[in-house]
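Okay, everyone, thanks for coming.

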Amino acid sequence: MTTTRQFGSDIPHLPTDEPYGKRDVPRGPAPLYLRALAGLLDIGTVAIPLVLGWYIVDSLRDDNGGGQADRVVFGGAAVAIALGLALWNRGFREGNTGQSSGKGWVGLVTRDTHTHDAIGPKRSLQRVFRRSGTEVVRESTASDEGFTVREKDVSVAAIRRRRLVGLGVLVILLGLVLLASVAVGARPLSFAEIFHALFDADGSQTDIIVRTLRGPRTALGLVVGMALGVAGALIQGHTRNPLADAGLLGLNAGAAFLVVLSMYLFGFSAPSEYLWFAFAGSFAASVVVFGLSSIGNGAASPLSLALAGAAVAFFLQAMTNAIIIVDQSSLDSYRFWVVGSVAGRGFDVLWQVLPFLIIGLILALVSTPGLNVLSLGEDVARSLGTNIAASRALGIVAITLLTGAATAACGPIAFIGLVVPHVARAITGPDYRWLVPYAGLLGGVMLVTADVIGRVVVRPGELQVGIVLAVFGAPFFIALVRRRKLASL
């Protein structure tokens, strides 16, 4: 049985007895070979992380320097990623749009047999075991017979429920990542040794590794990642620039200049020695940028902030380059700091920056309602009675505390402040009361994960977290930009 549908001029064949613009549309279930091909493609989507996980676990055998905890962490991560892909692909994507990845490639649609509409995630998952009431047809057939995708529930209760569920998932993921950070390293450990070091330490070698090396860097990576994620969200919100990060306001350049200056004048080389110089540099740069952007009209606009930040950053970078060119020892110390790393930092560094990070996070949360109003435009915010100068000053102080302390502790770490706010915004929408907590949790997960990866990719050595984020963050951000347009701010 066939019917006709108006399509335009892209018609491969027109019968002579039918009017121009008509074509035959096949009916009934899709051919078996197309359904089999779609199934193979869906299986391949899930198999890729499993195969990669198998090779990683196999490379972490005891005779290759791996350990029990290493194999469990990476094997479990591969299984979790595969299950997540399967749930998203065969459940949510196929249930809501009618097409899994495989069916999208071959042009098939899963629909309800009677209503000819999408079947929903629950029925789509049940379809793996019980397929009654559903059918798979060609995409042209579904379109011709009025197939409609399931609309997203945009009610206030549904949005709040999705956000709370997302926060819960992020908290669980963060806990698993922190456990992986304690378990994985150059020295292979068993879970019994890790448990002993955490709860019954007696000063053995494994206890020292966990408590004095991996523990401090895990805690520092968590708070620094959270600080950079939140700071990135605030910077993009206040500058209305989706490509903004700490470098745009000159904060990294200010920290780098005073760090190099302290190395040149005082011969500092340890993070605990130049920590306060880095923080002072970030703070001084923020004051100068905010002051320059406020000259003239008395208020710092998003455009003036970006322009002043760029000017200050270029000037400070030139001064930094001038110092490291004339002094070889400063260059040797600076090149290890500038890549960004959480290795070699103990609790002494964490305790020094933690008060500033806590105050910065509190100010960031307090500033979110005002930032929501500012995102509507300065004229609207002013008409609603918002003190624009005070709101922006509060945001700048929070950004300075968070970015300055994070940069002082670990050096300039790129990509987190740039990528994380976009991921958070894709989940929460533009409401900064939710976006800021999401950005903090995502930043912590991202930085600690990058640190764990850096410990194993060049074993027995380590790769600095700034390099890992650059290698993996750039392709991820490109894929994010290609998949969805950057939200206008």
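Let's start inside, with the lining of the largest cavity: helix 10 (271-294) and helix 15 (388-410) each supply at least two residues of it. Helices here are DSSP runs of H or I with at least four residues, strands are runs of E with at least two, and both are numbered from the N terminus. Before I go further, this is a predicted model, where local features need pLDDT of at least 70 and side-chain atom pairs count only at pLDDT 80 or more, while totals for chains, interfaces and linings use all residues. Residues are numbered from 1 along each chain as its sequence is written, and side-chain values use heavy atoms, with hydrogens and water left out.

Back to that cavity. On a 1 Å grid over the protein atoms alone, a cavity is a set of points where a 1.4 Å probe fits but cannot get out; a pocket is an open set with protein on both sides within 12 Å along at least five of seven lines, and lining residues have an atom within 4 Å of a point. There are 3 cavities of 30 Å³ or more, and the largest has a volume of about 60 Å³. A volume is the space filled by probe spheres set on the points, which are joined across faces, edges and corners. Among the lining residues are Leu249, Ser286, Phe290 and Thr400. The lining splits into 7 nonpolar, 2 polar and no charged residues. For that count, Ala, Val, Leu, Ile, Met, Phe, Trp, Tyr, Cys and Pro are nonpolar, Asp, Glu, Lys and Arg are charged, and the others, Gly among them, are polar.

Take Ser286, which sits in helix 10. Is Ser286 buried or exposed? Ser286 is buried, because its relative accessible area is 7%; buried means under 20%, exposed over 50%, and partly exposed in between, using a 1.4 Å probe and protein chains only.

Now the second largest pocket, with about 470 Å³ of space. It has 31 lining residues, and the closest to its centre are Asp245, Ala246, Gly247, Leu248 and Asn252. Which helix gives the largest share of this lining? That's helix 11, with 8 residues. By type, the pocket lining has 21 nonpolar, 9 polar and 1 charged.

The patch covers about 580 Å² and is made by Tyr264, Leu265, Phe266, Ile325 and Val326. Ile325 lies in helix 11 and counts as exposed because its relative accessibility is 69%.

Last stop, salt bridges, meaning a side-chain nitrogen of Lys or Arg within 4 Å of a carboxyl oxygen of Asp or Glu. The structure holds 12 of them. Keep an eye on Glu94: its closest N and O atoms to Arg90 are 2.8 Å apart, and for its salt bridge with Lys103 that figure is 3.1 Å. Glu94 and Arg90 both lie in helix 2 (residues 68-97), 4 residues apart, about one turn of the helix. Glu94 counts as buried because its relative accessible area is 0%, and Lys103 is buried as well.

Methods: Patch = residues over 30% accessible without salt bridge, like charges linked within 9 Å, V, L, I, M, F, W, Y side chains within 5 Å. Areas by Shrake-Rupley, 256 points an atom, 1.4 Å probe, with all protein chains shown as cover.
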